[in-house]
Amino acid sequence: MRFASATYPIGVDMTGSALGRAEVAVELGRLDEARRIIGEALVEQPDDPVLLERMADIAYRLDQTDEALRYATAAIAADPARIDAYLTAALAYDAYTMRDEALTHARMATRLAPDNVAALLVLARVIADAATSDKPRAEARDALERATQLAPAHAGTHAHAAETCRRLHDSDAARRHVEAGLAEDPAHAELLQTRARLDFENIATRDKAVATLRGLLGSNPGNAGARRLLAEIMWRALIRLAAWGWFFAAAVVALSMWIPTGGMRVLTPALFVGVLGAWFGVFRKLSRQLPQGYMRKRLLRRPEALSALVIGLLSSFVADIGALVLRSDWSAEDVRGGYIVVLVGVVGAALAHLLLFGAWVVRRDGESDRSAGEEFALSSVIIVIVGGLLFVGMLAALRHWARQPAAFGVFVAIVGIVVVTLLLEILLVQALEYRWRMFDVYVGGVLLVAALMALAIWWGLHQTATQTFHSDERTPVPTAPKSPPTVPTFHFTPPPVPTFHFTPPVQPTPTG
C-alpha cells in the first residue's frame, strides 16, 4: 500500500483550477492525468510551494520516488512550513531505507503541527519501518493512538493505522482498525486492500483475499493497490514452481547420502511425481482464483516469464535424469556424472527463479511492487540460510558414517546456488529502486554474504570433481559353458632305469 498525504483529513485548501482538476483526477484513479495537470501549472508557476507539494505527492503515488523527493525538497525550500512536503519527503526517504532522514522530516512535521493526524500517522509508519526494539514500537503505537483519538470516525486514518500495525506484526490490532474503518466506509479501497493483505498472509484465508481483490477491481479496475497485490499473489505462486526444482534436487542428494540404490528407486520417482503435482496444482488454483484471462494476458506480455516457466519445467526433468543415474547400478564415474547433471538442473531452476522475479518487480502495466518483491526475497534468503546451515551442519557431522559421503559437497553447492540467486534478486530491487545510491551498508552486507556463498559453491564443486564416489556396480557372475570343457591330457615318460655292471675282482694266479 502506498501512503499519500492527500488522503488525510488535514484541511488543505485545494484552491485554484489546476489543483481542483488534479484532485478530481486523483479521486478517479487517473494519476498520470493529475500529474500532467499539475505539471502544466508548474510551467506557469515553477516556484509555487502548493503546486510543488502536490506534485511530490502525486509522484510518490506513482512510485516515482526520486521525483517525489525532488519536488518535496523544492516545496520545503519555497515554504519551510509546508507540512505535506515534509511528510512526502519522509516517506520517500523511508522508501530508500534512509531512516534517519525519514525520521528527521517526520518529526519536523509533528513539531510544526503536533495535533496533525497525517503527521502522526507518517511518524508512526517511519518508526515502525525502522523499529528494532520494543521502545520505538511503543512510540509508534502511541502516535497511532493519538491519531485515531483525533479522528476516530475517519476511515482513512484507520486504513493507515491498520497498515502500520501490520508492519509492526500486530495482526489483531490491524484487523481492529480495518473493521473500525469499514464500519465508517464499507467501500474504502485501502481498508479492503489491508484486509486482503491480512487474509493473504494467513494460508487458511487466502481465497478470501483474492475474492476481496476481485471485488475491488470489479468496482474500480484502475485501483493500483489491488492490482499490485493480485499480481503479487500470482508471481509468488509461479516463483514457487522454480523453488520446487531446488527442493527436488536437494532432497535427492541428501537421500543419496544414506539410502541405498534400491530405496532411491522408490523415493526419487515419488518426489518427482510430487513436483509435477505441484505444477499442476498451482496452475489449477490460480486459474480458479484469478479473473478469467488474467494470468494468460500477463504472461503473454512478459516473454521472460514464459521462458522461465519452460526453463523451470525442463530443469526439473534434467534433475530427474541425474536422479535416474544415482539410482542405477552404474560405475562410480557415472555416479559423479549424475550429481553433476543434478547441479545443472539446480542452475536451470535458479535462472527460472530470477526471470520470474524480474517479471514481477520490473514495472509493466502498473503492477510492479518492488518493496513486496524485496521483502519476499529477503524473507526467503533468511529461511534458506538458517534452515540450510542447520541441515548442512547435521550432514557435515554425520557424513563420515554415510553411504555416499562425497555427496555432501554437492549439497553444499546446491544451498550456495539457492542463496546466491535470492541475493541477486535483492540486488536487482536495489538497482531498480535506488539507482542513485547503489552502495550502502545493506548492499554491502548482501554482497558479503553472496561472496561467502560463492566460496561455498566453489568448494562444493571442487569436492564433486575430486572426491571418490561409490557405486553399486555388480561384478559379473560367470556363466556356465555351453559345451564340456576340454580336459587336458598328460603324457608321463618314466625316467630311464640306470643299469649296473658288476665286474668281479681278478683272483691272483697261484704260483707253483
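Helix 5 and helix 6 are roughly antiparallel to each other (an angle over 145 degrees). In this predicted model, local features need pLDDT of at least 70 and side-chain atom pairs pLDDT 80 or more, while totals for chains, interfaces and linings use all residues. Residues are numbered from 1 along each chain as its sequence is written, and side-chain values use heavy atoms, without hydrogens and water.

Two packed helices are described by the angle between their axes and the distance between the axes. Here the angle is about 160° and the axes are 8 Å apart; axes are lines fitted to C-alpha atoms over the stretch in contact, and angles run from 0 to 180 degrees between N-to-C directions. Helices are DSSP runs of H or I with at least four residues, numbered from the N terminus.

| Helix | Residues | Residues in the contact (heavy atoms within 4.5 Å) |
|---|---|---|
| Helix 5 | 83-95 | Ile83, Tyr86, Leu87, Ala89, Ala90, Tyr93, Asp94 |
| Helix 6 | 99-112 | Arg99, Glu101, Ala102, His105, Ala106, Met108, Ala109, Leu112 |

The protein has 20 helices and zero strands (strands being E runs of at least two residues).

Tryptophan 258 is found in the loop between helix 13 (224-256) and helix 14 (261-289). Leaving aside neighbours within four places in sequence, its contacts are Leu395, Leu398, Trp401, Ala402 and Arg403. Tryptophan 401 lies 143 residues from tryptophan 258 in sequence and 8.7 Å away in space, C-alpha to C-alpha.

Note on methods. Angles under 35 degrees count as roughly parallel, over 145 as roughly antiparallel, 65 to 115 as roughly perpendicular and the rest as oblique.
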